[in-house]
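Here are some notes to go with the model, written for a colleague who likes to know the cut-offs. Please have the structure open while you read.

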Amino acid sequence: MAEKADNGIRHLPVMAERVLEHLDCRPGMVVVDCTLGEGGHAMEIVKRIAPGGKLIGIDRDAEVLPRARRRLEDSPVPVTIRHLHYAGLAAWAAGEGVTGIDGALFDLGLSSYQLDDPDRGFSFRRDGTLDMRMDRAGGPTAAELVNRLPVAELERIFFRFGQERWSRRIARAIGRERRRGPIRTTAELASIVSSAVPGRGRIHPATRVFQALRIAVNRELDDLAGGLESAWSLLRSGGRLCAISFHSLEDRIVKNLFRRWAREEGSGRILTRKPEVPGRAETARNPRSRSAKLRAIEHN
Ligand code: SAH
């Protein structure tokens, strides 16, 4: 799916063809994009649900919404865009009188828009403020966690959310450094991590620590099952839910929940026996897609 890199849009939708096929978009359908981002997937969805369809797009990052709104200006179907955490979808829908939907998409993780902005502090490749909040309206920043949490708690975060084998060394190094003064930037943290771990592997030594902090700051794993259940509760019979995850902790939550719905509750039918992954052409064109895993399920 060729996407022009104009208008400053950097994010390429991941596995878009597969998503469209699994969602089985048809004219008249109501589809919720639960992670609207820059609207890459949404732009394709609206074309397929016209005429008569409706797109609802939500994102917990208010800053990205105007960009999605601009891109969807010429949508052939009505589009509702809201600043909302996906775990609050069902409650919001009830208030709006939305009683049923035909499709829901979760494209988890970050958009390139967030990742590439040094001010957001998600990447150690650019020096910036150690923030990492997807929703800058509230909640502690990565800097607050790094400077205030007990060392043992940091160690636990790096181990659990980053599967970082050097988590203790790294947490202790942070404990030492912060006694001299607060750690403020992504570059400072990346260099503390680099000097705390032995040798150099295939990936940058700070990769796992940054992933772990991001998950902790945004409580990503705590809220995921709630978000999926919220969308599931709105799906009509025959409606489909599609989730793309970007690391194994996320994928496990999606997999287990799908299994519960299909096998224990008998409320759904899994469409992807194994998770689908992007082909080589896509990973070459869009490195962000490399770790993507897509799972889909249909509501009975
Ligand atoms: N599919 C989009 C990209 C999505 S990137 C596109 O093609 O353009 C993932 C987006 O999910 C980010 O914008 C992020 O802010 C959002 N997000 C992450 N967690 C969320 C949550 N709990 N609720 C709503 N949006 C969330």
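A crossing is left-handed if the near helix is turned anticlockwise from the far one by less than a right angle, and right-handed if clockwise. Helices (H or I, at least four residues) and strands (E, at least two) are DSSP runs, numbered from the N terminus.

The model is predicted: local features need pLDDT of at least 70, side-chain atom pairs count only at pLDDT 80 or more, and totals for chains, interfaces and linings use all residues. Residues are numbered from 1 along each chain as its sequence is written, and side-chain values use heavy atoms, with hydrogens and water left out.

1. Let us begin with α11 and α12. Helix α11 (residues 220-234) packs on helix α12 (residues 248-264) at an angle of about 35 degrees, with the axes 10 Å apart; axes are lines fitted to C-alpha atoms, for helices over the stretch in contact, and angles run from 0 to 180 degrees between N-to-C directions. In its crossing, α11 passes α12 right-handed.

2. Which residues of α11 and α12 meet? From α11 come E220, L221, L224, A225, L228, E229 and W232, and from α12 L249, E250, I253, V254, L257, R260 and W261 (contact means heavy atoms within 4.5 Å). By class this contact has 10 nonpolar, no polar and four charged residues; Ala, Val, Leu, Ile, Met, Phe, Trp, Tyr, Cys and Pro count as nonpolar, Asp, Glu, Lys and Arg as charged, and the others, Gly among them, as polar.

3. Next, α1 and α2. The axes of helix α1 (residues 16-23) and helix α2 (residues 40-49) come within 10 Å and cross at roughly 40 degrees. The two helices are therefore oblique to each other (under 35 degrees counts as roughly parallel, over 145 as roughly antiparallel, 65 to 115 as roughly perpendicular and the rest as oblique). A16, V19, L20 and L23 of α1 make the contact with H41, E44, I45 and R48 of α2, and the classes are five nonpolar, one polar and two charged.

4. Helix α7 (residues 151-162) and helix α10 (residues 207-218) have axes 8 Å apart, at an angle of about 100 degrees. That makes α7 roughly perpendicular to α10. Their contact divides into eight nonpolar, two polar and one charged residue.

5. Now the ligand. There are 22 residues around it, of which H41, D59, Y86, D107 and Q114 come nearest (near means a heavy atom within 4 Å). Polar side-chain atoms lie 2.8 Å from a ligand nitrogen atom in H41 and in D107. A polar backbone atom of G39 is 3.2 Å from a ligand oxygen atom.

6. Two backbone details deserve a look. Most residues other than glycine have a negative phi, and most peptide bonds are trans. M15, in the segment before α1, has a positive phi of about 50 degrees although it is not a glycine. A50 and P51 are joined by a cis peptide bond, with omega about -5 degrees, and P51 sits in the loop between α2 and β2 (54-59).

How values were computed
Polar contact = N/O pair within 3.5 Å; in protein donor to acceptor, adjacent residues only side chain to side chain.
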